[in-house]
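User: Could you show me how to read the main features of a model such as this one, giving the general idea and then the case at hand?

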Amino acid sequence: MPKYTCPYCGNKSFSLVLKLRTGGMTSRGTACPDCGKHAVHGWGATAADTVIMAAAFIYILVNYHTIQITFAAVLVILAFVLSRVVNALFFRLAENNRRDII
């Protein structure tokens with residue numbers, strides 16, 4: 001299983017599952033198993049999240065007359081899951097910009 005690099009200590013200590021659980025720039029992030037500092041997904045991942053979620057909402061708005069509410073809810077959930085997977089597979093972890101997190 002591949003390991004991903006911590007932005008603080010430089011060790012390859014993040015598994016894919018830990019990286020999937022890591023949030024965006026405003027979240028608490030996920031603690032590195034080696035150094036204990038909290039890493040997050042950076043600005044590129046945040047931009048990708050915005051594009052994916054905007055595409056889902058635009059699709060819902062364009063088709064609001066014919067779309068069922070359950071399909072719209074499933075589409076939003078799938079967009080969220082897709083954005084997490086894209087973040088984990090294609091973007092590096094970044095240092096946490098929140099000052100209340102060590």
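Predicted model: local features only at pLDDT ≥ 70, side-chain atom pairs only at ≥ 80, totals over all residues.

User: How many helices and strands does the protein have, and in what pattern do they follow along the sequence?

Analyst: Helices (H or I, at least four residues) and strands (E, at least two) are DSSP runs numbered from the N terminus. Here there are three helices and five strands, and along the sequence they follow the pattern β-β-α-β-β-α-α-β. The C-alpha atoms fill a box of roughly 50 × 30 × 20 Å along the principal axes.

User: What share of the residues counts as buried?

Analyst: A residue is buried under 20% relative accessible area, exposed over 50% and partly exposed in between, with a 1.4 Å probe and protein chains only. By that rule 32% of the 102 residues of the protein are buried.

User: Which residues make up the largest nonpolar core?

Analyst: A nonpolar core is a set of buried Ala, Val, Leu, Ile, Met, Phe, Trp, Tyr and Cys residues joined through side-chain atoms within 4.5 Å. The largest has nine residues, namely Ala48, Ile52, Ala56, Ile60, Ile67, Ala72, Leu75, Ala79 and Val86. The elements that give two or more residues to this core are α2 (43-62) and α3 (69-90). A second, separate core has seven residues, among them Phe14, Cys32, Ala39 and Leu93.

User: Which residues does Val86 touch, leaving out those up to four places away in sequence?

Analyst: Contact means heavy atoms within 4.5 Å. With residues up to four places away not counted, Val86 touches Ala48, Ile52 and Phe91. Asn87, also found in helix α3, is buried because its relative accessible area is 3%; its neighbours within four places set aside, Asn87 is in contact with Lys19, His41, Ala45 and Asp49.

User: Is Asn96 buried or exposed, and what does its side chain reach?

Analyst: Asn96 lies in the segment after β5 (93-95) and, at 7% relative accessibility, counts as buried. Beyond residues up to four places away in sequence, Asn96 touches Tyr8, Met25, Ser27, Arg28, Gly29, His38, Val40 and Ile101. A polar contact is a pair of N or O atoms within 3.5 Å; within protein, one must be able to donate a hydrogen and the other to accept it, and residues adjacent in sequence count only if both atoms are side-chain atoms. The side chain of Asn96 reaches the backbone nitrogen of Arg98 at 3.0 Å.

User: Which residues is Arg98 in contact with, leaving aside its neighbours within four places in sequence?

Analyst: Arg98, found in the segment after β5, is in contact with Met25, Thr26, Ser27 and Arg28 when those neighbours are left aside. A polar atom of the side chain of Arg98 lies 3.1 Å from the backbone oxygen of Thr26. With a relative accessible area of 26%, Arg98 is partly exposed.

User: What about Asp100, buried or exposed?

Analyst: Asp100, in the segment after β5 as well, is exposed because its relative accessible area is 55%. From C-alpha to C-alpha, Asp100 and Val51 are 28 Å apart in space and 49 residues apart in sequence.

Key: Residues numbered from 1 in each chain as written. Heavy atoms only, no water.
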